[in-house]
Amino acid sequence: MIARLWPIFRRDLVLLVRGAQGRGGAALPLLFFLAVAMLYPFAVGPDARLLARTGAGVIWVAALLAAILPLDRLVEPDVEAGLFDQWALRGLSEEALLLVRILAHWISFGVPLMLAAPISAGLLSLDGGQLAMVELGLLLGTPGLAAIGVTIAALTAGLRAGAALGGLLAIPLAVPLLIFGAGSLQPGGEGGLGLLAACSLVAVALAPFAGGAALRAGRE
């Protein structure tokens, strides 16, 4: 099974990193993430203590929005091209395909965001300890954001204005991740990382089944 899914994973990762026809790709969520961190100090002022107190929330909101930016190309193009039907005829389940898609989506946006976090932390006046918590939180939480994004993309595939609807659906589902991720940087909030990891794990575990059921329902 792994040998059959490996070429699909490589294809998914290349498409998500490069973008459709070389446009967008992983650079768009990364630039959006950095733009939010860059503009926020202009909105609230140069108070370093205020930036450090609220910066974690800004980083997590930016991470969520970066995760849902590519919703329209996570599943919809392959549904329109009939690729999921062809894969089903080859005996590949939708659940396995979506799990591969979640992994590719996470690598294409989660890893670049973790690499860009030190820049954002500097812009938001976060110290070294806070940066370490941000990095750990992103490592634990972005897989959950990726899972939610792929699930919503599968649910809205084929719908008119599916990308806009998907964004509206993804935001409330991601609220627990944002709360525990941002809360982990508050004094005494280290326990939030455990809850963040648990929420992320649940999202990753349920996403392939929910998305797979949605794809099969759409085919019927």
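**Entry 1: two helices side by side**

I began with H7 and H9, which are roughly parallel to each other, because angles under 35 degrees count as roughly parallel, over 145 as roughly antiparallel, 65 to 115 as roughly perpendicular and the rest as oblique. This is a predicted model, where local features need pLDDT of at least 70, side-chain atom pairs count only at pLDDT 80 or more, and totals for chains, interfaces and linings use all residues. Residues are numbered from 1 along each chain as its sequence is written, and side-chain values use heavy atoms, with hydrogens and water left out.

I noted the helix rule: helices (H or I, at least four residues) and strands (E, at least two) are DSSP runs, numbered from the N terminus. H7 covers residues 128–156, and H9 covers 192–219. I read an angle of about 20° between H7 and H9, with axes 8 Å apart. The axes are lines fitted to C-alpha atoms, for helices over the stretch in contact, and the angles run from 0 to 180 degrees between N-to-C directions.

Which residues make the contact of H7 with H9? Among them I found Gly137, Gly141, Gly144 and Thr151 of H7, and Ser200, Ala207, Ala210 and Gly211 of H9. Contact means heavy atoms within 4.5 Å. By class I listed 17 nonpolar, 6 polar and no charged residues. Here Ala, Val, Leu, Ile, Met, Phe, Trp, Tyr, Cys and Pro count as nonpolar, Asp, Glu, Lys and Arg as charged, and the others, Gly among them, as polar.

**Entry 2: threonine 151**

Next I picked a residue in helix H7, threonine 151. Is threonine 151 buried or exposed? Threonine 151 is buried, because its relative accessible area is 12% (buried means under 20%, exposed over 50%, partly exposed in between, with a 1.4 Å probe and protein chains only). I set aside its neighbours within four places in sequence, and found threonine 151 in contact with Ala207, Ala210 and Gly211. A polar atom of its side chain lies 2.8 Å from the backbone oxygen of alanine 147.

**Entry 3: serine 184**

I moved to the loop between helix H8 (162–183) and H9, where serine 184 sits. Serine 184 counts as buried, because its relative accessibility is 2%. How far is a polar atom of its side chain from the backbone oxygen of glycine 181? I read 2.7 Å.

**Entry 4: another partner for H9**

Helix H6 (residues 94–123) also packs with H9, at an angle of about 125° and with axes 8 Å apart. That angle makes H6 oblique to H9. From H6 the contact takes Glu94, Glu95, Leu98, Leu99 and Ile102. From H9 I noted residues including Phe209, Arg216 and Arg219. By class this contact has 7 nonpolar, 2 polar and 4 charged residues.

**Entry 5: serine 125**

I then checked the loop between H6 and H7, where serine 125 is found. Its phi is near 60°, a positive value in a residue other than glycine. Most residues other than glycine have a negative phi. Serine 125 is partly exposed, with a relative accessible area of 32%.

**Entry 6: two distances**

Arginine 10 is in helix H1 (residues 2–18). Arginine 10 is 90 residues from valine 100 in sequence, and 9.4 Å from it in space, C-alpha to C-alpha. Proline 172 is in helix H8. Proline 172 and leucine 99 are 73 residues apart in sequence and 22 Å apart in space, C-alpha to C-alpha.

Methods. A polar contact is a pair of N or O atoms within 3.5 Å; within protein, one must be able to donate a hydrogen and the other to accept it, and residues adjacent in sequence count only if both atoms are side-chain atoms.
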